[in-house]
Amino acid sequence: MSSTELPSAPAANVLPKVATVRVAEGERLRSVGLPGITLTVRSRPPAREGLPPALYVHGLGGSSQNWSAMMEQLEGDVDCEAVDLPGFGDSPPPDDGDYSITAHARAVIRYLDASDRGPVHLLGNSLGGAVTTRVAAVRPDLVRTLTLVSPALPEIRVQRTAVPTALLAMPGVTTLFTRITQSWTAEQRVRGVLHLCYGDPGRVTPEGFSNAVAEMERRLQLPYFWDAMTRSARGLVNAYTLGGQHALWRQAERVLAPTLLIYGGRDQLVGYRMCRKAARTFRDSRLLSLPEAGHVAMMEYPEVVAHAFRGLLAETGESAVAGRAAGEGAAGGAGEDDAVTESAGS
């Protein structure tokens, strides 16, 4: 092992016991064993039988909990499931320690193949946006529609506020950061994350903040937490440098599924300017711009994002109920009046 190589994470069967992950009212968690990985899947029973299936994929440092608000919003429209990627949320590390975009995409594909739920409406945020883009490109048979919230696709000029996150991919940086921040409380860490990811951190309720602190405390007890973060950040940076048919923008061109793109005007991690390139690249795209949103619009403005998704369902003929809902308008939600929706692509 070279001096720059990260040590392997401990095997799942020898991991220490930590606090149980939070499950919101109406949600369920289950563990799914697959070749080389074990995934935790969060679900919410659909309002009725026969609804089309949907799968949600979170971003770097996130978990399936990032989609709880959206799952509640859409329980009458789709059969909702959200996955914890390997090493995140309640899923243990992968057996091979591979956290590349390809490995995460492979995990999603393995789950969809094993569950026999496909094709699904696939939704991804940030890192999950890059992962789901790759899934849609290489396995179009598994994807009905694709919804990307601030997808982490390569940028030539990265925002300064995104540089610290990218630096996690560099050897030694994680060790240095953990040493510098070892005295930080969970509350301090959560406030930092909220200021980075939200357009307006004030939108987080006291209960939501308390839940986030409890989850941060739980994660910091996991011996593989920083390993998963570092390796996934490295995998994302490596994906940015790939050329040819494996390049993420080249794969975005290959996506056949109708695609909804959602970008926040106050996003400090994914440049808002990238929305135009994305709208031109994905063949069958429509764009929702939320000037007041940050990096996690589905958490900040779940009603608005859900409304846009229902519009996608109606447009693609997935649900008559969704069509009626799309024509009625969303139920309020700060920032909705400033939202801009456009059709793009071919």
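Reply: The following account takes up the cavity, its lining and then the aromatic pairs.

This is a predicted model, in which local features need pLDDT of at least 70 and side-chain atom pairs count only at pLDDT 80 or more, while totals for chains, interfaces and linings use all residues. Residues are numbered from 1 along each chain as its sequence is written, and side-chain values use heavy atoms, with hydrogens and water left out.

Rolling a probe the size of a water molecule over the atoms shows where empty space is left. On a 1 Å grid over the protein atoms alone, a cavity is a set of points where a 1.4 Å probe fits but cannot get out, and its lining residues have an atom within 4 Å of a point. Grid points are joined across faces, edges and corners, and the volume is the space filled by probe spheres set on the points. By this rule there is 1 cavity of 30 Å³ or more. The largest cavity holds about 60 Å³ of space.

Around the largest cavity stand Gly61, Gly62, Gly87, Phe88, Gly89, Arg219, Leu222, Tyr224 and Phe225. This lining comprises 4 nonpolar, 4 polar and 1 charged residues. In that division Ala, Val, Leu, Ile, Met, Phe, Trp, Tyr, Cys and Pro count as nonpolar, Asp, Glu, Lys and Arg as charged, and the others, Gly among them, as polar.

Phe225, one of the lining residues, is buried at a relative accessible area of 11% (buried means under 20%, exposed over 50% and partly exposed in between, with a 1.4 Å probe and protein chains only).

The model has 2 aromatic pairs, that is, rings of Phe, Tyr and Trp (its six-membered ring) with centres within 6.5 Å; planes under 30 degrees apart count as stacked, over 60 as edge-to-face and the rest as tilted. The rings of Tyr56 and Trp67 have centres 5.1 Å apart and planes at 40 degrees, so this pair is tilted. Because Tyr56 belongs to strand E3 (residues 53–57) and Trp67 to the loop between E3 and helix H1 (68–73), the pair ties together parts that are 11 residues apart in sequence. Here strands (E, at least two residues) and helices (H or I, at least four) are DSSP runs, numbered from the N terminus. Tyr56 is buried, at 0% relative accessibility, and Trp67 is buried, also at 0%. Phe225 and Trp226 form an edge-to-face pair, 5.0 Å centre to centre with 70 degrees between the planes. Trp226 is partly exposed, at 23% relative accessibility.

Note on methods:
On a 1 Å grid over the protein atoms alone, a cavity is a set of points where a 1.4 Å probe fits but cannot get out, and a pocket is an open set with protein on both sides within 12 Å along at least five of seven lines; lining residues have an atom within 4 Å of a point.
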